[in-house]
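User: Hi, could you walk me through this one? I'm new to reading structures, so please take it slowly.

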Amino acid sequence: MSRLIGAHTADPCPKCLVEEVRTGSPSFTQERDVISYRCDRCRHTWFRPVENDLDVYDTVRVDLPDTTLYGTVWQVEDDRVQVRDTNSGRVLWVELWRVILY
Ligand SMILES: [Zn+2]
């Protein structure tokens, strides 16, 4: 389960289940592009792959530094995605690595 903390969605650590806001850090290598996360409580680290098969109209979550946004994919480019925020109707470009298929 995830819950809201301010404008962010907090997610549980896969190991100790403590919920925290974690926007992750991108790590791009020749082999694979991943986002790394680290739990401050138990020091567990884990990864998720960068989404590579996003389509227009997909429902996504975007972990921005100042908020967690939920919206619909409008356009997809190599390393960025245009998303329409479901709440505000605002359309904005975000970095691909921040986007999670929802
Ligand atoms: Zn943990």
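This is a predicted model: local features need pLDDT of at least 70, side-chain atom pairs count only at pLDDT 80 or more; totals for chains, interfaces and linings use all residues.

User: OK, is V91 buried, exposed or partly exposed, and why?

Analyst: V91 counts as partly exposed because its relative accessibility is 37%, and the partly exposed class lies between under 20% for buried and over 50% for exposed.

User: And which residues make the nonpolar surface patch with V91?

Analyst: V91 makes that patch together with V56, Y57 and W74, and the nonpolar surface involved comes to about 410 Å².

User: Let's go inside then. How many residues does the largest nonpolar core have, and which have the most contacts inside it?

Analyst: The largest nonpolar core has 20 residues, and those with the most contacts inside it are V60, V62, V81, V83, V94 and V99.

User: Which strands supply at least two residues of this core?

Analyst: That holds for each of β5 (33–38), β7 (59–63), β8 (68–76), β9 (80–85), β10 (91–95) and β11 (99–101).

User: Take V60. What does V60 touch?

Analyst: If we leave aside residues up to four places away in sequence, V60 touches L54, L69, Y70, G71, V73, V83, V99, I100, L101 and Y102.

User: New topic: how many salt bridges does a search of the whole structure find?

Analyst: The search finds six, and one of them is formed by R61 with D11, where the closest N and O atoms are 2.7 Å apart. This pair links distant parts of the chain, since R61 sits in strand β7 and D11 in strand β2 (residues 8–12), 50 residues apart.

User: Is R61 buried or exposed, and why?

Analyst: R61 counts as buried because its relative accessibility is 7%, which falls under the 20% limit.

User: What other salt bridge does R61 have?

Analyst: The side chain of R61 also meets that of D63 in a salt bridge, at 3.0 Å from N to O, and both R61 and D63 are buried.

User: What about R98 and E95, how do their side chains meet?

Analyst: The side chains of R98 and E95 meet in a salt bridge of 2.9 Å, N to O. R98 counts as buried because its relative accessibility is 13%, whereas E95 is partly exposed because its relative accessible area is 38%.

Note on methods: Residues are numbered from 1 along each chain as its sequence is written. Side-chain values use heavy atoms; hydrogens and water are left out. A nonpolar core is a set of buried Ala, Val, Leu, Ile, Met, Phe, Trp, Tyr and Cys residues joined through side-chain atoms within 4.5 Å. Buried means under 20% relative accessible area, exposed over 50%, partly exposed in between (1.4 Å probe, protein chains only). Helices (H or I, at least four residues) and strands (E, at least two) are DSSP runs, numbered from the N terminus. Contact means heavy atoms within 4.5 Å. Patches are made of residues with over 30% relative accessible area and no salt bridge: like charges are joined within 9 Å, nonpolar side chains (Val, Leu, Ile, Met, Phe, Trp, Tyr) within 5 Å. Accessible areas come from the Shrake-Rupley method with a 1.4 Å probe; for residues, only the protein chains shown count as cover. A salt bridge is a side-chain nitrogen of Lys or Arg within 4 Å of a carboxyl oxygen of Asp or Glu.
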